[in-house]
Structures are given as structure tokens and as C-alpha cells.
Amino acid sequence: MSVALFAPGWVLECNDSSAFLANQNTFWDSISSHLSKHKVCRLPVSTNFCVGYGTKEFVNGAGKCVPTERDGQICKDHWYDLNRHGLQPSWTNSSGVGDSRTTMRLNHDDGWNGGGCLELISDDSASWSLFKTDIDLSYSPLTVEITLKIGTPLPEQEITCDLRLHLRRNLCRNVVRLICGKPKETITWQEVDISRVLPYETVSANADGSDSGWRTLRFIISNILTGGRVLEEISLHVGKFQKPVSWATTRVLLGGFHMNSIRTSDDNQSSVEE
């Protein structure tokens, strides 16, 4: 037996409208354990985490107010365009798994492109499951791009941040870690453990000539690591090199994610022969 919830408008209509987003998250979070997860089953996986509305419109980290017309009236403090709704995480806030309380929420005060970004908050080391997937990876290399901003009162070198790809091959499982928290570190391929892959290119993302704090990291992942495997989950982990006397609250903002396979000349030749 299944149950459908049709137009649960009472979350807005019967509560304080100014707290709608918080009430909406609380409601869906309370029943999330009873809901099945919709898996992402093919590449590319791409999103800017926009939900189709916002208080500002962000372009490359710079936000501006965009008045929109709604019911014949001009709305100056919000814009709405559901055609721009992007892929959202498969899990709700309750799915953050860490050593202490974690939070996953939308942030409309900052963003990379669109109406805002995804904000991850923790008082200690934590992992957030982002996407539930069931993608049969080809034998071509993968390209992964993530745009993020790490905000913490502590010096950034104290923080480790890595994106994790959870893979399965038959009964064996392994994790590929894409290191995001130390972008200035360089290392050759021969020195890299197969569980750690550093970005081949780091791009500082500036808006209007001033540093907005956003960075776009691009990775190329060898098919030696992914070929013939199934991608089951994409998560993000935050930790630290050495435990400070007092672990300050860490905020990680995600403004974009993109993953796709790289077509090679061998792939193109094979498709022609077929």
C-alpha cells in the first residue's frame, strides 16, 4: 500500500508564512525515513542547487535583486522561475552523519549561479550524503567539477574537505576521495593513493573584480579507478588535521556540481564501428 500527499499547502497556510522554508524542511525531515529515495541513474549529474526562486539572482558569485511580476504585481524582494529548478539532494537534513549535530539547508543569502546554494553546517567532523545514485560507469575517464566556499573562524588549513564517490564492483566496495580542502597542494599521479585524487585544475572564482570566496575545482578521474563499477552514492566529508582546543562551527556552501564521462578517441572509433 502506498500513500500520496496532494498539495500540502497547509505547511504555509496554517503556520507563520515568514518561517515557511524552516517549517517545510521540518515537515519533510520528520517523514523522510518513510520515503523512498529517487536514484540518479545516468550521467551527467549536474546542478547548481537552485530551487527556482530566491531573494537575489547570483551570477558567478555576484548577487543582484531581480524584480519579477506575480499576479499582475511587481515583486521586488523575490524572484520565481521554476524552469530554473535544479537537482536537489536525495536526502534531507536528518541524513547528515557526523560526530555531532549537522545541518543541511538552503541558503538564499549567498550563491554561485541561481537563487542560492546548499549550506552544510557542523560543529565537528561530519559527512553529508548528497545524491543516491545507481550509475553504471563506462570505461571512460570521469570529469567532476564542484563549486564551493568554505567558511570557518579557524584558518582554512585546519580543515579537510573531500567529495566522496562510493563505488561497487560485484561484492566489493571502495571510495574515491576528491580532495577539496587543500587546493594549493600539488602532488604527482604516481604519488597518489587510489583512494585520493587531487584536482588537476583549481580556478579562483571572482565576481566583479573582488574575491567572492567561491572556488571551482575540476578533477579528472582515471578509468582505472571507476571502470566497470557502479556509482552508488555521492557524499561530502569535512574533518580536521589536528583537533583544536575548541572546534569552531564549520560552514561549507555548495554552489554547483557536475559529473560526466569523457569521450575518448577509442570510444568514438568504437561507436563508428558499431
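Leaving aside neighbours within four places in sequence, N107 is in contact with G116, C117, E119, R251 and L253. This is a predicted model. The protein has 4 helices and 19 strands. Its mean pLDDT is 75, and 70% of its residues reach 70 or more.

- N107 sits in strand β9, which covers residues 102-107.
- Is N107 buried or exposed? N107 has a relative accessible area of 7%, under the 20% cut-off, so N107 counts as buried.
- The N107 side chain reaches two backbone nitrogens: that of D109 at 2.7 Å, and that of D110 at 3.3 Å.

**Aromatic pairs**

- The count of aromatic pairs comes to 4.
- One of them joins F49 and F131: the ring centres are 6.3 Å apart and the planes stand at 15°, so this pair is stacked.
- The F49 and F131 pair links distant parts of the chain, 82 residues apart. F49 is in the loop between β1 and β2, while F131 is in strand β11.
- F131 has 0% relative accessibility and counts as buried.
- F131 also pairs with F257. Their ring centres lie 6.0 Å apart with planes at 35°, so the pair is tilted.
- Which parts of the chain does the pair of F131 and F257 tie together? F131 belongs to strand β11 and F257 to strand β19, so the pair ties together parts 126 residues apart in sequence.

**F257 in its setting**

- F257 counts as buried, at 4% relative accessibility.
- Not counting residues up to four places away in sequence, F257 touches V45, S46, T47, F49, F131, V144, E145, I146, L163 and I234.
- F257 is also one of the residues that touch the most other members of the largest nonpolar core.

**The largest nonpolar core**

- How many residues does the largest nonpolar core hold? The core has 36 residues.
- Those touching the most other members are I146, L148, L163, L236, L254, F257 and M259.
- In soluble globular proteins, nonpolar side chains tend to be buried together.

**Backbone exceptions**

- Most residues other than glycine have a negative phi, and most peptide bonds are trans.
- The peptide bond from L43 to P44 is cis, with omega near 0°. P44 is found in the loop between α2 (20-31) and β1 (45-47).
- F49 is not a glycine, yet its phi is positive, at about 65°. Its place is in the loop between β1 and β2 (53-54).
- F49 is buried, with a relative accessible area of 2%.
- N60, also a residue other than glycine, has a positive phi near 50°. N60 is placed in the loop between β3 (57-59) and β4 (62-64).

**Whole-chain totals**

- Buried residues make up 41% of the 274 residues in the protein.
- Among contacts between residues at least 6 apart in sequence, 72% join residues at least 24 apart.
- The accessible surface comes to about 15500 Å². Carbon and sulfur atoms account for 50% of that surface.

**Confidence**

- Where is confidence lowest, and where is it highest? Helix α4 (residues 265-273) is lowest, at a mean of 40, and β1 is highest, at 96.
- Over residues 95-99 the pLDDT is below 50. Beyond near neighbours in sequence, this stretch has 13 contacts in the model.
- Residues 267-274 also stay under 50 in pLDDT. For this stretch the model has 4 contacts beyond four places in sequence.

Terms used: Residues are numbered from 1 along each chain as its sequence is written. This is a predicted model: local features need pLDDT of at least 70, side-chain atom pairs count only at pLDDT 80 or more; totals for chains, interfaces and linings use all residues. Side-chain values use heavy atoms; hydrogens and water are left out. A nonpolar core is a set of buried Ala, Val, Leu, Ile, Met, Phe, Trp, Tyr and Cys residues joined through side-chain atoms within 4.5 Å. Buried means under 20% relative accessible area, exposed over 50%, partly exposed in between (1.4 Å probe, protein chains only). Contact means heavy atoms within 4.5 Å. Helices (H or I, at least four residues) and strands (E, at least two) are DSSP runs, numbered from the N terminus. pLDDT is the predictor's confidence in each residue, from 0 to 100. Accessible areas come from the Shrake-Rupley method with a 1.4 Å probe; for residues, only the protein chains shown count as cover. A polar contact is a pair of N or O atoms within 3.5 Å; within protein, one must be able to donate a hydrogen and the other to accept it, and residues adjacent in sequence count only if both atoms are side-chain atoms. Rings of Phe, Tyr and Trp (its six-membered ring) pair if their centres lie within 6.5 Å; planes under 30 degrees apart count as stacked, over 60 as edge-to-face and the rest as tilted.
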